Amino acid sequence: MQTRRQFVMYVSRILAALGLAFNPAPAFVRQALAALQRRVLPHETDLQSLINEHPASLDTRNLKIMPVESFRTMGATDHTVDLATWRLEVTGKVKHPLKLTYAEVMALPAVEEDVLLICPGIFTIHARWKGVAVRELLKTAEPLDGATQASLHGPAGPYEKVEAFKMEEVESGKVFLAYAVNGQTLPQKHGYPLRVVAADRYGSDWVKFVYKVEAR
């Protein structure tokens, strides 16, 4: 019986024979091919040695988890919110705009993943993040036809940062909003109450203090 690797390589040869570029190929084929190209990292890898790597090129399943106390950070660290008035907005091209309390966010189906964050040339963090998938939020809000990306905003105010993610990336489940890390509530300086976790993206795209998800 063929292994998964043999199957993927067989499909890739067929696509090549047909003269097809990988971009038009089915998403599952592109994802499988990408996974085969990742470099598997051993458990004893020095995480700081990865600062010049791109996370999408690495298979990090064996890496050790770092203690929260050793995390470094960039960007705003002192933004505060009042949970009594704070709401997570899900808005834009959706049928049912949402304004969710922190408790309502916490009550949604959770995702928990070990994900590597790389700030190029500066530091790395490998941690177990827990939160709610952006696709779960959009599923509830029901995106309208023509919505092709989700923009994540934070923090509210003059220092707001916005990062856009294609719907295909959102649907993969690799983009979620974390409210906990390594089994504890997300610390303020790391983006409490919610921060983006985006596997295969540099840390500069991991927006902190998220308050809005906008379908565009």
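**Ring cluster.** I looked for aromatic clusters and found Phe71, Trp129 and Trp206 linked by ring pairs. My rule pairs rings of Phe, Tyr and Trp (its six-membered ring) with centres within 6.5 Å, planes under 30 degrees apart being stacked, over 60 edge-to-face and the rest tilted. That rule gives four aromatic pairs. Phe71 and Trp129 come out tilted, because their centres sit 6.2 Å apart with the planes at 35 degrees. Phe71 is in the loop between strand 2 (58-59) and strand 3 (88-92) and Trp129 is in strand 6 (residues 123-133), so this pair ties together parts 58 residues apart in sequence. I took helices (H or I, at least four residues) and strands (E, at least two) from DSSP runs, numbered from the N terminus.

**Model notes.** This is a predicted model, so I kept local features at pLDDT of at least 70 and side-chain atom pairs at 80 or more, while totals for chains, interfaces and linings use all residues. Numbering runs from 1 along each chain as its sequence is written, and side-chain values use heavy atoms, without hydrogens or water.

**Burial.** I called a residue buried under 20% relative accessible area, exposed over 50% and partly exposed in between (1.4 Å probe, protein chains only). Phe71 is buried at 6%, and Trp129 is buried at 1%.

**Second pair.** Trp86 and Tyr102 pair edge-to-face, 6.4 Å centre to centre with 75 degrees between the planes. Trp86 is in the loop between strand 2 and strand 3, and Tyr102 is in helix 3 (residues 102-107), 16 residues apart. I checked burial here too: Trp86 is at 8% and Tyr102 at 14%, both buried.
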